[in-house]
Amino acid sequence: MTRIFSGVKPTGHLTLGNYLGAVRQWVATDQKPDDALFCVVDLHALTVEHDPARVRRLSRQAATLLLAAGLDPDRCTLFVQSHVDEHTRLAYLLECTATDGELRRMIQYREKTARAQAAGEGVRLSLLTYPVLMAADILAYGADEVPVGEDQRQHVELTRDLAVRFNQRYGPVFTVPKATLPAVAARVMDLQDPTSKMGKSHENGAGIVYLLDEPEVVRRKVMRAVTDSGEGGVVYDRAARPGVANLLDILAACTGGEPEELARGYEQYGPLKRDVADAVVELLRPLRERHAELAADPGEVERVLRAGAGRARALARPVVDRAYEAIGLLAP
Ligand code: AQP
């Protein structure tokens with residue numbers, strides 16, 4: 001049985017990018033509680049300037065949205081990262097395995113450092129080390145596959161490197177995982193700036209479709225999406241026409257077609273945008289409805305998370321204990 005692990009960070013409201021790039025893949029897996037682990041990775045939200053009350057609220061909301069999106073607590077393990085100490089226990093051993101140079105090469109570190117500096121904020125040490133914590137999130141469960149969007153591919157590569165290095169040096173403790181990406185929409189771009197990723201913590205929400213946006217808000221954002229001059233009709237060309245390519249990717253992800261093929265069905269941008277807006281609204285409708293039901297019963301979400309943490313702990317502890325022993329620490 002293939003074991004999968006993945007997570008979402010409560011740094012903002014979940015977006016269409018998170019859904020198409022990652023969450024939809026999670027829901028589509030043939031889920032079994034011990035082999036499908038999904039996590040609200042709240043410790044990762046502390047790596048940048050944050051408001052404690054907001055992180056708590058967003059953590060609960062993310063868990064509720066994951067259930068609304070279709071994760072079934074009887075067929076997967078859904079939990080909150082900070083509820084399972086094994087993640088931070090293992091992260092330290094992996095910090096003793098990783099090098100400063102390889103962490104400084106991480107693209108997200110470089111981008112987020114630039115953002116923090118531009119805002120006049122200090123760069124937290126945890127921003128540098130968080131990919132190691134992410135490696136611990138994955139390796140603690142012996143996950144084989146990590147379904148993620150394109151932006152996380154580099155972090156999963158690092159996880160593989162650390163697992164291989166640890167195993168070679170101290171003995172075979174970790175499963176070496178691989179990233180799995182969706183065929184389309186592995187990198188959904190911002191509708192207002194199609195050269196950058198649709199990211200939930202970006203300041204300007206005009207180019208971001210949030211999963212809980214009202215239908216008319218979704219329509220407005222899609223209809224105002226930045227495109228190019230439009231000369232030569234609608235063609236799928238990611239490099240030359242990133243805005244249109246992004247809309248075609250989103251449409252393909254929603255309807256199941258191929259972006260190049262779909263492009264042939266349009267001569268102008270207006271009808272394309274209308275179809276994209278309709279497709280996204282319909283895709284998100286059941287999720288929004290289910291979210292409203294679940295949000296009315298927060299006790300149920302808490303029960304799911306408590307049970308999930310218990311299951312996760314039982315799976316992670318033996319792996320982390322083995323790593324402690326292998327690296328040379330005395331058993332307590
Ligand atoms: N735009 C995107 N397109 C496709 N997949 C995406 N993911 C994120 N943005 C896109 C995937 O969603 C999963 C959860 O992401 P995360 O919470 O770990 O955060 P992130 O990757 O750092 O992206 P965000 O949402 O943009 O957060 P901020 O703005 O805080 O950095 C991951 O599998 C990710 O690949």
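In the UniProt annotation, which belongs to an unreviewed entry, the feature "binding site" covers Asp-137. In the predicted model described here, Asp-137 is found in helix H6, which comprises residues 125-139. The residue counts as buried, because 27 other C-beta atoms lie within 10 Å of Asp-137, where 20 or more are required for that class. When its neighbours within four places in sequence are left aside, Asp-137 is in contact with Phe-5, Gly-7, Cys-39, Val-41, Gln-81 and His-87.

A second annotated feature concerns an earlier part of the sequence. The unreviewed UniProt entry places the feature "short sequence motif: 'HIGH' region" at residues 10-18. In the model, this segment is 33% helix and 0% strand, and its end C-alpha atoms are 11 Å apart.

The surroundings of the ligand were examined next. The ligand is surrounded by 22 residues, of which the closest are Gly-17, Gly-21, Val-148, Gly-149 and Gly-199. Helix H1, formed by residues 16-28, gives the most to this shell, with five residues. By residue class, the shell around the ligand divides into seven nonpolar, 10 polar and five charged residues.

With regard to the chain as a whole, the secondary structure comprises 12 helices and five strands. The C-alpha atoms of the chain fill a box of roughly 70 × 45 × 40 Å, as taken along the principal axes. For a chain of 332 residues, a compact globule would have a radius of gyration near 20 Å, and the value of 20 Å for this chain therefore agrees with that expectation. Of the 332 residues, 44% count as buried.

Methods:
Residues numbered from 1 in each chain as written. Predicted model: local features only at pLDDT ≥ 70, side-chain atom pairs only at ≥ 80, totals over all residues. Near = placed C-beta within 6 Å. Helix = DSSP H or I, 4+ residues; strand = E, 2+ residues; numbered from the N terminus. Nonpolar A, V, L, I, M, F, W, Y, C, P; charged D, E, K, R; others polar. Rg over C-alpha atoms; globule rule 2.2 N^0.38 Å. Buried ≥ 20, exposed ≤ 12 C-beta atoms within 10 Å, placed from the backbone. UniProt positions renumbered as here; feature names shortened; annotations may be inferred. Contact = placed C-beta atoms within 7 Å.
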